[in-house]
Amino acid sequence: MIIVRHSMRQGRNMLIIWSAVIAFMLAVCILIYPEMGSQMSEISGMFSDMGGFSAAFGMDKINFGEFMGYFGVECGNVLGLGGAFFAALLGISALAGEEREHTAEFLLTHPVSRRRIITEKLVAVLLQVVLLNAAVLAVTCIGVLAIGESPDVKALTMLFFAYLILQIEVAAVCFGISAFISRGGLGMGIGLTALLYFLNIISNLTQEAGFLKYITPYGYTDGAYIITNAGIEIKYMAAGLIFTAVGILAAYLKFEKKDIM
């Protein structure tokens, strides 16, 4: 597992910074809830009647004045976007970075198969995603205890689980893309994540675009659905798992045959 350890050391600063930033933003979001809660309860009805805007962010299905509704909309977007951006950056640079930094040539001159390189790189990416989510979950639990709230534990667990799967899917898709490129790609990873986020907004605005939820991982991280039903829409998650598998398979098929100069 030498490659895993090396990759973890290389990405240590990035992991610490992203974990700290996302955890800090979530902590602030949670800690200001007691001050905003009374105000939000008064304008929750107004938010739910804002037509397309309310539907786009699920505010027509949950009470924005309650903690879980507030967390699902405000804090969920922080973790959903921030975590996905982090996962995209990890995935898109995993294999492309080896060629860009000319470390692939060094590895391939040693008795290490390309398949092992891919596997250990993938393990390192997934470990960093899990560590970020563990840090964020710990800070969230501390924040909730600090303000004395008693949220629906099952719904909160499902929400965090959904975002973890989302990040794994984004990382896997970008990991597959990284096998096809030799340099750059960071903008591609960020752009792809932003596109997937806006596809979900479009799918919430009109039923005709509902099929987009099978494409974007944000389809199964809909906080309004998860909080209301204390569960995840399996059909959308199943589609996401297929995209995850395709991304990983593409990385193996391409990198094992790639001409690395």
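Which residues are buried in α12? Tyr236, Met237, Ala239, Gly240, Thr244, Gly247, Ala251, Tyr252 and Phe255 are. The model discussed here is predicted.

## Overall fold

The protein has 12 helices and zero strands. Along the sequence, the pattern is therefore one α after another: α-α-α-α-α-α-α-α-α-α-α-α.

Of the 261 residues, 50% are buried. Among contacts with a separation of 6 or more, 78% join residues 24 or more positions apart.

## The nonpolar core

The largest nonpolar core holds 66 residues. Phe67, Phe71 and Val170 touch the most other members. Several helices each supply at least two residues: α2 (12-31), α5 (67-94), α8 (114-147), α9 (153-178), α10, α11 and α12 (234-255). The most comes from α5, which gives 15 residues.

Phe71 shows who meets whom in this region. Leaving aside neighbours within four places in sequence, Phe71 is in contact with Ile30, Gly76, Thr140, Leu156, Leu159 and Phe160.

## Helix α5

Helix α5 has 28 residues. From its first C-alpha to its last, α5 reaches 38 Å, close to the 40 Å expected at 1.5 Å a residue. There is a bend of about 40° in α5, at Gly76. Gly76 is also one of the contacts of Phe71.

Why is α5 described as largely enclosed by the rest of the structure? Because 23 of its 28 residues are buried.

Helix α12 has 22 residues. Its first and last C-alpha atoms lie 31 Å apart, close to the 32 Å expected at 1.5 Å a residue. The cover over its buried residues includes α8 and α9.

Thr244 sits in α12. Is Thr244 buried or exposed? Its relative accessible area is 10%, so Thr244 falls under the 20% cut-off and counts as buried. Not counting residues up to four places away in sequence, Thr244 touches Ile168, Glu169 and Ala172.

Ile227 lies in helix α11. At 16% relative accessibility, Ile227 counts as buried. Beyond its neighbours within four places in sequence, Ile227 is in contact with Met68, Gly69, Gly72 and Ala155. Ile227 and Gly69 are 158 residues apart in sequence. In space, their C-alpha atoms are 7.4 Å apart.

Ala230 belongs to the loop between α11 and α12. What is the phi of Ala230? Ala230 has a positive phi of about 55°, although it is not a glycine. Most residues other than glycine have a negative phi. Ala230 is buried, with a relative accessible area of 16%.

## Thr216 in the α10–α11 loop

Where is Thr216? Thr216 is in the loop between α10 (186-205) and α11 (223-229). With 2% relative accessibility, Thr216 is under the 20% limit and therefore counts as buried.

The side chain of Thr216 reaches the backbone oxygen of Leu196 at 2.7 Å. Leaving aside neighbours within four places in sequence, Thr216 is in contact with Leu196, Tyr197, Leu199 and Asn200. Thr216 and Leu166 are 50 residues apart in sequence. Their C-alpha atoms are 9.1 Å apart in space.

## Ser7 in helix α1

Ser7 is in helix α1 (residues 2-10). At 8% relative accessibility, Ser7 counts as buried.

Which side chain does that of Ser7 join in a polar contact of 3.2 Å? The partner is Lys121. Ser7 also touches Ala124 and Gln128, not counting residues up to four places away in sequence.

Technical notes. Residues numbered from 1 in each chain as written. Predicted model: local features only at pLDDT ≥ 70, side-chain atom pairs only at ≥ 80, totals over all residues. Heavy atoms only, no water. Helix = DSSP H or I, 4+ residues; strand = E, 2+ residues; numbered from the N terminus. Buried < 20%, exposed > 50% of the residue type's maximum accessible area, 1.4 Å probe, protein only. Contact = heavy atoms within 4.5 Å. Polar contact = N/O pair within 3.5 Å; in protein donor to acceptor, adjacent residues only side chain to side chain. Core = buried A, V, L, I, M, F, W, Y, C linked by side-chain atoms within 4.5 Å. Expected span 1.5 Å × (residues − 1). Bend = angle between axes of the 7 residues up to and from the residue.
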